[in-house]
Every structure is written in C-alpha cells, then in structure tokens.
Amino acid sequence: MTYRQARYDEPLLCERMRPSTVPKGDLLDVPASLRRETLALPDLPEHEVVRHYTRLSQMNFGIDTGFYPLGSCTMKFNPKFAEELARLPDMARVHPEQDPSTVQGILRVLYELQEALARISGMDAVTLQPAAGAQGEFTGLLLARAHALDHGDGARTEVVLPDTAHGTNFASAGMLGFQIRELPSKDGRMDVKALEQAVGETTLALMLTNPNTLGIFEEEVVEIARICHDAGALLYYDGANLNAILGKTSPGRMGFDITHINTHKTFTTPHGGGGPGAGPVGVKKALYPYLPVPILTFDGKRYGLEWDRPKSIGKVRAWFGNAAVLMRAYAYILSQGADGLERVADRAVLNANYLRHRIQDHLPVPFRGLRKHEFVASGEPLKAKGVRTLDLAKRLMDYGIHPPTVYFPHLVEEALMVEPTETESKETLDAFADAVIRITKEDPELLRSAPHNASVARVDEVQAAREPILSWRMWQKAKGA
Amino acid sequence: MLRALGLTSVEELFADIPASVRTQGLDLPQGMSEQDVMRHVTSILRHNRSAEAMPTFLGAGLYDHFVPASVRAIASRSEFYTAYTPYQAELSQGMLQSLWEYQSFICELTGMDAANTSMYDASTALGEAALMAHRITGKRQILIPTALHWDKKAVLRSYAAGPGLEIEEVVYDPETGTLDEDALRAAVGEDTAAVYVENPNFFGRFEEELEEIRSIAPSLLIVGANPIALAVTKAPGDLGADIVIGEGQALGNAMNFGGPLIGIFACRQEHLRKMPGRVIGITKDANGDRAFCMTLQTREQHIRRERAMSNICTNEALMSVAAAVHIAVLGASGLRRVALDNLRRAKRLADRIDGLDRYTAPVFDGGHFNEFVVRSTIPYASVHRTLLEKGVHGGLPLRTRFPELGEAALFATTEVHTEADYEHLLHALEAVP
C-alpha cells in the first residue's frame, strides 16, 4: 500500500495574531499592582480555529490511522465505548473534593478496578494514585524505601537493574537518590550468577521487566526472586509488558513484591499523543501500610476514604489519580472478562512470534528461544548498503506503517523493537513483513531520503536541539537577535 | 499462523513460563457485550451527583468552567488521541505543532520563554520545580506558603525525598490572607533554593505584593498561577518569577474527579536545560520547510537515565492540546471576558453570602479570584450537611486543615453558575437550622 499523509502549509496561530491592548476600564476590579495591559494571543473566528486543528489532526498518525507496532508501548485498538463513558457528565463534571456520599459511583468504579488489578497482578493491594508508569515506579521505590526504613534497613540505597531495563527505571531510582548497579545480560536474559554477586545488604530492590524488553521471558525468575529475597532485597515488577502474561502467570505469582501497571498499555486507555496514562501500583501485604493516602474503603454498603495511615508515604499527586483514564480501564476489563483477557495474551504472543518468524530470515533477531509480546530485530546487516535502522523506519512510513521503536534496547545493535499487539489481523502482520522485506531490497537512496509521503520530509532534529526554539516568544527573540 | 511456526497449540508459546509460576486463568467474571458494559458503567456512575445534577461551589485548584463544544470535538479526533508520544516527527506534525502552540500560549500567559508540554498536575509541577531549583542553585531549602492545598504539600514532600530538600512554611497574614512578608523575611536564608507563592492563593486572594516578595527572596521565585486569571493579571515573568507552574485544567478540560489534569511548567531561557519534561522545538525538514520535533531529549530519562532532569515519560499531552484549542477558541478577548466574569462573580457571591445572618464572606480583605473563605457562626459541618440535603454542594470545609479559621469553608464560583444556582445556595444557607 502506498500511503499519503495530508500536508498543509498550516500557519501558526501566532502568525495570524493582531496586536491588541486591554481596554483600561475593564481592569478596575483587578488589584492595581497586578493589572495586565497586553495579552498577545490570537483572536480568530471559531470556525477558523476548528479548521486549523482539524488540518493539524490530519497531519497526525494514530492507531485509528494504521498499524502502530511501537515496541514496549502496546498500541492496541482503543475501544470507542470507553470514550463515550468518559464524556458522561457523571464522570467528567465531578469534583474530587465532593462529599463521599455524592461520589459513590466513581468510588465504586475505582474500588472494583483495584480489586480486578490485584487479581490480575497477583498482588494483595493496589493504589490507583500514580499518574503514569514512571510515577508508578517512583511510588513503588518510595514504598520500598519506607519499608526498609521501617525495618531499620536504612543502608539499603542501591537499586539493581538489568541493562535491558526501561530508561524510566534508572531515572526513577535516580530521582530518589539511589545508587544504581547495572547488570549486563547474558544471552538476552538476566545473568543469575552476576545477580547473586550484585545483591547484598545495601540492595533495596531489583527492578525487572518480565518478559523483558527483548520480549524474552526470564525463565529463571523463581531463582531470581529467591536470590533477592535471601539478600533481604525487594523485587519490583515493571508492568510495561504485562499484556504478554495475562492469565498465564502474574507478578505476584512470580515472587514480585511491588508492581506498576500501565493502563495505557495493557488496558488500552488511549495514550493521547503523549498522555494521559495511569500507573496503578500493586503490592504484597508487607508493603500495604505504606501505600499513599487516602485508601479506598468499602464496608459492604458505602465506599469511603481513609486518611489515617501513620506509615503512609503520603501522596505522589493531587487527589486520587487519573480517574477518567482509570474508568476506561475498568470498562475495558469488564468487556474482556477473564476469558477475553486470556485471549489477549494468546493473540499478542502468537502475533509477535509469527511476525518474528516472517522477518528473521531478512533481519536477524538475536537470542534464542520463544518471544512473548514483542521481538527485537537488528538492522545491522543494512549497514553494508550504507543504510541504518533509522532509514528503514522512516521508509516504513511511506507504506502507511508507524515505525517500531528504534535503537532500544541498547544491547541489540541498530535495534528495531516490534510489538504487534493482539488486535491486529494476519493480513496486517503480513503487510508489515512484506514491507520490511521489500524495503531491505530497495535502493538505499530511497531509504536515506525517506519519508516521501509523510506531511514533511526527514526532520532535522539536530538543528532543533542546537538552537532550541520552544515558543513564539523565543522565536521572535531569535529573529530579532 | 501456528502452522507457520511449526506448532499445534498456542499453549506451546508459553512453554517458557515455569510450571511453578503458571496460573490457571483469571479470577474475574466472563466478558460482557459492549451494550451491557455501557449500561452497567452508566448505571454505576449515576450514583455520582455531578455539577450538572447539583450546583457545586467547590474549587481549591480545580474549577468547573464551561468548555466550548469545539474543544471537545478537536480533542476527540482520534488522530490525536490514539497516537503515542510523537517519537517519529514526520508522522506526528499535527500533535507537535499543536503542542508547540500550547507552549507558546503558556509562555505568553506566564511571561516565560520556555514551557514544557505538561507535568501530571499542579502538585507534581511544584515537586519538579523544587527539584529544578535545587539543580540550579545547589541549595536545599524550599519555602512554601502555609496557605496551600494539603495535597500539594504532601506531593512536594515526596518529590523532595531524593535530594533531602527542607520544606518550610511561611504563614499568611490573618487579616489579608496573603503571604506574611515579615515571616518570609525571617525564613529566607543562605540555603534557600526557592520561594513558592501562588497568585491567586489558596484562599482565592490575589498576592498583591508579588514585587515586594520578589525583592525579599534572594533565591529563585516559583509562582503558581491560574491560567484564566493570567488573562487579566500581570505575567509572573514580568514580576520577577523564574519558574511558573499551575493547574491548566481550567483551560478546556473537565474536572474528571481529579484527573487527568495538566501541570503547567514554564521557565526562563537561561534555565531551559535544567527543565524537566518533554519539549517541542521548531526546525526544518530535508526540503527546508518548517517542521516540529521533540527536542533537548538529552535531559530525559531514555537518554540521560539516572541523571535525567526527571523520570517523566507519559505526560498529559492531550489535555495540553485541549488547553491550546480552548485558548484559541476563546481568543484573547474571550479569555479576558471569562477572567473578569469569574473575578466579579466571586465578589458578588461573597457579598450576597455576607448579607445573610450567621455568615461572613469574604473572611479576608482584598481582591479575590474564583473563590473566597466563608465563616459561619454555627458549626460548618452542619451547614455542609444541610446544603447537601437541599441539593447543593457547598464549599470545601477547612476546619481540620486550617483550624485557626474557625467554622470556615472555601467557596468557589465560575461562569457555569446561573442565578437560580445562587438563589438555591443562598436559600439553603439560610435554611440551616
């Protein structure tokens, strides 16, 4: 398929701005020391604003536009009914400070979602407060720290991470001032011997994604858990790849003490072009006393909020979390049910293994064994033609395919990380494989100059960073200088 | 597909999961049809009493503003909402330009040079601003007002845990409800990294002496702003702020029971490389045409890892797009009209409540925006209860968090309220036994 994205030379709204000053009489009610005299914002007819953003939307690619196999991001179809539910005034126009007697509906949704997520993840309790996966990690590490301090283990300030870990794992640990010990992988898996030597009296936690970012299930997870627990360390599960194991196993069953869940991945709440997400955190009993406040309660009749939690870590964001996102996840779980969620894992894993099978004779897929929900191919052989993975990725756009994740994880050279998800058909998978195979045989120049059919040609990201212009103001200043 | 893989059952694809950790299915009900899900969830949510069903006078950082249908129509375009983070710039120009325009509008409102595409909410924006102030100055003390929402204080403490920042509170003047300048003078010291002030503050009061506060603070000044109020009040940048944060929900987004929201975050150009979060820059494509892309990514987690400016990855981008559309639909004049309307409504409602027996409003002297403190001569808990019985939700009770204010509550009003809503509230207040 040849794809042609819409292309408009759409001006900036700021370019259509006319200078306006505030009528002085308007401001008499504003304290004299604070009156504002100019406001350089556009003043356009409504329909022109709508056209502007409609055109911009047509220069944007979403799951509804086409295949979006972005590895580690689980870009599956976002059901429309969840969007309709989120727009109901009973969801949208509810204030979080309302008396609990007036918000029994949403409290029930959140309470039941907690229960469902606890069952799915094999954990004893769940907090819905974190706004995203990375904030879930931050919350989980705060919980681990509170647990250590409470047990006189203040010396535990080290976090162990495999070299395949997501960047957020490192950053979340760094934000809390923990030292990081990075473990090199062995054959695409955690090196259990190296782990045994790495953990000790200063280890707070091991953070692990399983299946890992190569899509490989860490088969020695039981031994990994034993080693960490014997050393007195906790086990943190990065739930980015939970989609692969729904109903097959769970973080709790594997021995993890803390897990976050990305609702915008496994439970298909739309990612909004960057956000919102939600990052619920599940814990085993031992960590329950430290969960953020308030805790949702249910006495068999009424849902309530409990604030009196002396050991709680406090709060990580205002109020109760991204409630409208969480409600979508709740609706999705209801619609799938136990049977549907298990089929999710079946199809996601089948699709990934099938696609790997189709690709691996053309681009190597390093490391032995099965894959779960994703696989990482290497664009290394293309280098001989003077082409990089980035060029392949850009060329895929011309076929109407959003490129997979590229250059991650770092231990695969010229990495191309493909996660098809369960909602794609065999026809779509075959079209992707055919496109990749065909591209590897195309004229290298066609790749290096790609994309040809997107709204713009190859974007110069180096220039953007060399002279950052982040606003109309900065642009006007730069022009003036 | 199985045949191509040489397998006979899907189960074989899970052979790498050790039997000892295998679970047999999920302990959940079976799936439901779309129609049943819609019916079920709608009926549960009906147990909420939304601002549509019950006049609600809550604010405290989150406001029920009227959102033009055009804003929802654009934010519902699935090209926007079903996209991931715009890692691939060429396919994502629409999102990137919209977010760049959002950054531009926020910079104009705040008087800053650079804005990121969002933090999670105002409270995490405050946490991130404190960490940024520490990165810039190397100092550890953060001064915040006592008159601040308790969630923001708690979230700030969580963010401060890593570098061990010391959070100290500066009391408010009991007459004016604004920051006590003498207390601020006494609190600032050599180790002060930043002073945080909100304008309008938690009590809805304008901090009229921001310039004086700037001169007292030798450190960085972080200002928490309400983007609607900024349409008629001086840009914090023009008053000496170094970092401006705020809750952007008032711009085109629903209350959503507290999320998703938008943490506004903006700073001066000189501190740009110390700023957390995703930012969009302007550049050219291979043909020399204008194009947009994410930039300064070397500050971020996927490259800088544990030395990143923040761990943030997923943010609230779609909410920021809605905010930009909201600003554009209202325009400069519309935004100003809404701001003045909200300012006047707060004053008018306070005066009307003050006219009732047993109530004083506003408790603090001076200009207010959106909200104000009301004090009653009877226990506020019983006022709160009676209002609910009469089908109206009063303000936020302050008794447990600010006991020094006595029987007080924080009442907010916006353009969504009708004269009937006000009458309803006033009658209910009078009817309290």
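In chain B of this predicted model, 71% of the contacts between residues at least 6 apart in sequence join residues at least 24 apart. Chain A gives a value of 71% for its contacts with a separation of 6 or more, again counting residues 24 or more positions apart.

**The two chains**

Chain B holds twelve helices and 13 strands, while chain A holds 15 helices and twelve strands. The table lists further values for each chain.

| Chain | Residues | Buried | C-alpha span along principal axes |
|---|---|---|---|
| Chain A | 481 residues | 59% buried | about 70 × 65 × 45 Å |
| Chain B | 433 residues | 61% buried | about 85 × 55 × 50 Å |

**Contact between the chains**

The contact between the chains takes 160 residues from chain A and 153 residues from chain B. On the side of chain A that touches chain B, the largest share comes from helix α10 (residues 323-359) of chain A, with 19 residues. Sorted by class, this side of chain A has 85 nonpolar residues, 46 polar residues and 29 charged residues.

**Strand β7 of chain B**

Strand β7 of chain B covers residues 263-267. Five of its five residues are buried, so the strand is largely enclosed by the rest of the structure. A residue counts as buried here if 20 or more other C-beta atoms lie within 10 Å of its own. The burial applies to both faces of β7(B). One side carries Gly263(B), Phe265(B) and Cys267(B), and the other carries Ile264(B) and Ala266(B); all of these are buried.

Two strand pairings involve β7(B). With strand β6 (residues 243-247) of chain B, β7(B) pairs in the antiparallel sense over five bridges. Within β7(B), Phe265(B) is the bridge partner of Ile245(B). With strand β1 (residues 114-115) of chain B, the pairing is also antiparallel and runs over two bridges. Here Ala114(B) has Cys267(B) of β7(B) as its bridge partner. Phe265(B) and Cys267(B), the residues of β7(B) named in these bridges, both belong to the side that also carries Gly263(B).

Key
Residues are numbered from 1 along each chain as its sequence is written. Chains are lettered from A and ligands numbered from 1 in the order in which they are written. This is a predicted model: local features need pLDDT of at least 70, side-chain atom pairs count only at pLDDT 80 or more; totals for chains, interfaces and linings use all residues. A residue is buried if 20 or more other C-beta atoms lie within 10 Å of its own, exposed if 12 or fewer, and partly exposed in between; C-beta atoms are placed from the backbone. Helices (H or I, at least four residues) and strands (E, at least two) are DSSP runs, numbered from the N terminus. Two strands pair if DSSP finds at least two bridges between them. Two residues are in contact if their C-beta atoms, placed from the backbone, lie within 7 Å. Ala, Val, Leu, Ile, Met, Phe, Trp, Tyr, Cys and Pro count as nonpolar, Asp, Glu, Lys and Arg as charged, and the others, Gly among them, as polar.
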